[in-house]
Amino acid sequence: MKKHRKNVYKRSDHRYEGRYITGYKGIHGKAIYRSIYADTYREAVALLEEAEKSVSEKVALERLIRKQKRKNLPVESLERMAESYSHNKFAQSSATLRQCLVQWLEESKKLTVKASSYTRYCSIVYKHILPQLGDCPVNEVTTKTVQDYIHYLSNDTKNRKGLAPATIKIHLVLLSSFFEKMIELELVQNNPCKNIHIPPRQKKKPNYLKQSEYQKLEKVLEDKLYDKRARAILLALKTGIRLGELAALRWADIDLQSKTIHVRHSIQRVKAEASEKNKTEVVFGQTKSACSERDIPMNDGIYRLLHAYQKSLKKSGVIAEESFVFSNRQGSYLDPRAYQNYFSALLKEAGIRCVNFHALRHTFATIAASKNMQISTLSRSLGHSNPSITLQIYVHAIDEQDRIEMSKIENL
């Protein structure tokens, strides 16, 4: 083993990365690089040497072909050898799903998706896929292997509750994307994620506050408006805004003149870049999706809530447009956990059953649908991509309103 390698370096997350050439793009094209990752330098060098050895024949052959073509010499026999090598290496490959999936996650997904999406993908890979399939050679993963994994995710066990079909679909999309890349790199011949069946599961109603609970919470919040957290939670209850979007609101997003709230950003807790395992950090970024960028109209109650708050802040100083609506003592945003902890304490104080913060969004939408708000309007206010999603989630409220409307013609 070589003691010093120029192509091995220490990353910001304290791991080691080694780069090696796997081939070339055409006659005059650049080299194609791949990377290996390890916790120690010694382990990185060992993995790198193993990886270089596995592609050494292919790389040497491609270099020779490039050299011959530049000199206009015949290369037909060399190209046949390269093609033969390409077909044979499927059987020779011993790389495990763990090695390839981690590498793909670091090299492809990390740079192409939002930090919050990358964090979710890491959770899926490290908590679910690798414990079940990690040691399986990547070229031996079959459709049955993937289908068995899907069944494992959907079934309940003593220690784990089965995942929802929508969540399982994300696992399948992630794996399918990975295997498409493996096909491109000629490490597998086909995508085993095709024609996979996801078992259906009975949909659950969203968790929302009942009318009596809503009234209790509203009263407690109105009694505590001197606390900006209470005012922020009341705003979430009245608009259905997401927690991350609420924390990211700036005064530039609040147009009191046109009575509009512009939702343009979000704050989320993601996996920390350079820290110990399971550490997270808060990042300020874009909304969940393009459709989540929206304008929420203010009714009179929301307008009074924000206007009175802005007026009270102006008494203590000038409000900059770029300052956060609900800020901490340092003038930055309030951590989403501060809202969650305060909300839990309020529920306990009001004698309301424990629900998560997202229940405020479900409560707003359920009330709006039951009051005959147009589904298209409600969908835009919530930031859904289309009204059908809103209908599917809040059909319970619409069904109840239909019963009320039908009762009106009972004695017609």
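Reader: Which residue in strand 8 is the bridge partner of valine 263?

Author: This is a predicted model, in which local features need pLDDT of at least 70 and side-chain atom pairs count only at pLDDT 80 or more, while totals for chains, interfaces and linings use all residues. Residues are numbered from 1 along each chain as its sequence is written, and side-chain values use heavy atoms, with hydrogens and water left out. Strands (E, at least two residues) and helices (H or I, at least four) are DSSP runs, numbered from the N terminus. In strand 8, valine 263 is bridged to arginine 294.

Reader: Over how many bridges do strand 5 and strand 8 pair?

Author: Strands count as paired if DSSP finds at least two bridges between them. Isoleucine 261 stands opposite isoleucine 296 in strand 8. Strand 5, residues 260–263, runs antiparallel to strand 8, and the number of bridges is 4.

Reader: Which residue takes a positive phi in the hairpin of strand 4 and strand 5?

Author: This hairpin has 4 residues between the strands. The residue with a positive phi, near 55 degrees, is lysine 259.

Reader: Against which helices do the buried residues of helix 7 pack?

Author: Buried means under 20% relative accessible area, exposed over 50%, and partly exposed in between (1.4 Å probe, protein chains only). In helix 7, Glu213, Tyr214, Leu217, Glu218, Val220 and Leu221 are buried. They cover an arc, taken from the directions from the helix axis to the C-beta atoms, of only 165 degrees, so they lie on the same side of helix 7. They pack against helix 8 (228–239), helix 11 (336–350) and helix 12 (359–370).

Reader: Which residues are exposed on the other side of helix 7?

Author: The exposed residues there are Gln211 and Lys219.

Reader: Which backbone nitrogen does the side chain of threonine 363 reach?

Author: Threonine 363 lies in helix 12 and is buried, with a relative accessible area of 1%. Its contacts (heavy atoms within 4.5 Å) include Tyr208, Tyr214 and Leu237, leaving aside residues up to four places away in sequence. At 2.9 Å, its side chain reaches the backbone nitrogen of leucine 209.

Note on methods:
Polar contact = N/O pair within 3.5 Å; in protein donor to acceptor, adjacent residues only side chain to side chain.
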